[in-house]
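The sequence and the structure come before the text.

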Amino acid sequence: MNDLLQQLDWRTLVLPAMVPVFVAVLIAEAWRFRGQGRLTLKDSMASMGLGSLYMVFDTLVTVTLVALIFSWAYQHRLFDITMTPLTGLLLFVSLEFCYYWFHRASHRIRWFWSAHVAHHSSTLMNFSTAMRQSAIYSIVGNWLFYVPLAFLGFEPIWVFFMLTVNLAYQYFIHTQWVGKLHPAIEFVFNTPSHHRAHHGRNAEYIDRNYGGILILYDRLFGTFVEEKQDVPVEYGITRPVNSHNPITLTLHEAIDMFRDAARPGPLKQRLKHFWAPPEWRREDD
């Protein structure tokens, strides 16, 4: 047992260590909004089911494939980057940049949306919604957006650690419990207010606020929108699934995507179902 503990790297234990905190704040939120319909048992259980599937499959794919690809990239790195406070900050802003483009691609390219859609499938917004992750993220290639960091010279385990910190932070912005914060905080960071807007299917909010911890890249690239008091956020997706089955929530969009591509027609039109935006349809649809 001591040998096993010595082999564990503290950087791989961030999420497991945070689980009690995640559960505690979820229970507190459920108690705070009891009887108000902001959480339901079926919805939260579906979210937890999705989170469990994600953890199992993502771990398997990471250990068997992704870690090997990152190791290969790091062996062909451009620089030797030693981790210091300054290079740690560089990794933070670089990974945030990669996350922004992963998240934006996950909304605007149907191939990636077929995985990310599970995260947006709930019509509620609470801490359990953060658990709605997709078991097929690794299959569609979400990790591709972070491989350049290993090529650049960041040790893969530090890349994974920083990504874990990014995702852990985002758990706490999936809530209606917190209103708008100080303007300075709202300007720099992704907050519950900004992320509520991100989860909206309203025309004013859809496909906005892609940041992880920061909201600065959204401001820089023109994808920022502010949550408006006079426009309540409607949570969910434009084509609701109406299911609490984790398997259905995971696979429904991928099945629809392949079904659309399999329909007769010019090859270019058929393949476009994979790389066009999720809302794209053929002219004869």
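Contact here means heavy atoms within 4.5 Å, and a residue is buried when its relative accessible area is under 20%. The model is predicted.

**Helix H8 and its packing**

Helix H8 covers residues 156-171. H8 has 16 residues, and its first and last C-alpha atoms are 23 Å apart, close to the 22 Å expected at 1.5 Å a residue. The buried residues of H8 are Pro156, Trp158, Val159, Phe161, Met162, Leu163, Thr164, Asn166, Ala168, Gln170 and Tyr171. These buried residues pack against helix H2 (14-32), H3, H4, H7 and helix H10 (192-198).

**Nonpolar cores**

The largest nonpolar core holds 33 residues. Within this core, the residues that touch the most other members are Phe70, Leu91, Leu95, Tyr146, Leu149, Phe154 and Val159. At least two core residues come from each of helix H3 (41-75), helix H4 (85-108), H5, H6, helix H7 (147-152) and helix H8 (156-171). H4 gives the most, with 7 residues. Val159, listed above among the buried residues of H8, touches Phe70, Leu91, Leu95, Tyr146, Leu149 and Phe154, with residues up to four places away in sequence not counted. Another core, of 9 residues, lies apart from this one, and its members include Leu26, Leu39, Phe127 and Tyr171. Tyr171 is also one of the buried residues of H8. In soluble globular proteins, nonpolar side chains tend to be buried together.

**Aromatic pairs**

Across the whole structure, a search finds 26 aromatic pairs. Two of them are set out below.

| Pair | Geometry | Centre to centre | Angle between planes |
|---|---|---|---|
| Tyr54 and Tyr137 | edge-to-face | 6.2 Å | 85° |
| Trp72 and Phe151 | edge-to-face | 5.6 Å | 85° |

Tyr54 belongs to helix H3 and Tyr137 to helix H6, so their pair ties together parts that are 83 residues apart in sequence. Are Tyr54 and Tyr137 buried or exposed? Both are buried.

Trp72 lies in helix H3 and Phe151 in helix H7, so this pair ties together parts that are 79 residues apart in sequence. Trp72 is partly exposed, with a relative accessible area of 46%. Phe151 also counts as partly exposed, at 29% relative accessibility.

Ring pairs join Tyr54 and Tyr137 with Tyr99, Phe102, Phe112, Phe145 and Tyr146 into a cluster.

Two arginines sit over ring faces. Arg77 lies over the face of Tyr74, at 4.1 Å from the ring centre. Arg219 lies over the face of Phe224, at 4.0 Å from the ring centre.

**Residues in loops**

Ser134 is located in the loop between helix H5 (110-116) and helix H6 (137-140). Its relative accessibility is 1%, so Ser134 counts as buried. A polar atom of the Ser134 side chain lies 3.2 Å from the backbone nitrogen of Ile136. Leaving out residues up to four places away in sequence, Ser134 touches Tyr54, Ala115, Ala118 and Thr250.

Val178 is in the loop between H8 and helix H9 (183-188). With a relative accessible area of 30%, Val178 is partly exposed. Which residues does Val178 contact, leaving aside its neighbours within four places in sequence? They are Pro192 and Arg196. The C-alpha atoms of Val178 and Thr191 are separated by 8.8 Å, and these two residues are 13 residues apart along the chain.

The loop between H10 and helix H11 (216-221) contains Asp207. Asn209 lies in the loop between H10 and H11 as well. Asp207 has a positive phi of about 60° although it is not a glycine. Asn209, likewise not a glycine, has a positive phi of about 60°. Asn209 counts as buried because its relative accessibility is 0%.

Definitions and conventions:
Residues are numbered from 1 along each chain as its sequence is written. This is a predicted model: local features need pLDDT of at least 70, side-chain atom pairs count only at pLDDT 80 or more; totals for chains, interfaces and linings use all residues. Side-chain values use heavy atoms; hydrogens and water are left out. Helices (H or I, at least four residues) and strands (E, at least two) are DSSP runs, numbered from the N terminus. Buried means under 20% relative accessible area, exposed over 50%, partly exposed in between (1.4 Å probe, protein chains only). A polar contact is a pair of N or O atoms within 3.5 Å; within protein, one must be able to donate a hydrogen and the other to accept it, and residues adjacent in sequence count only if both atoms are side-chain atoms. A nonpolar core is a set of buried Ala, Val, Leu, Ile, Met, Phe, Trp, Tyr and Cys residues joined through side-chain atoms within 4.5 Å. The expected span of a helix is 1.5 Å times one less than its number of residues. Rings of Phe, Tyr and Trp (its six-membered ring) pair if their centres lie within 6.5 Å; planes under 30 degrees apart count as stacked, over 60 as edge-to-face and the rest as tilted. A charge sits over a ring if NZ of Lys or CZ of Arg is within 6 Å of the ring centre and within 35 degrees of the ring normal.
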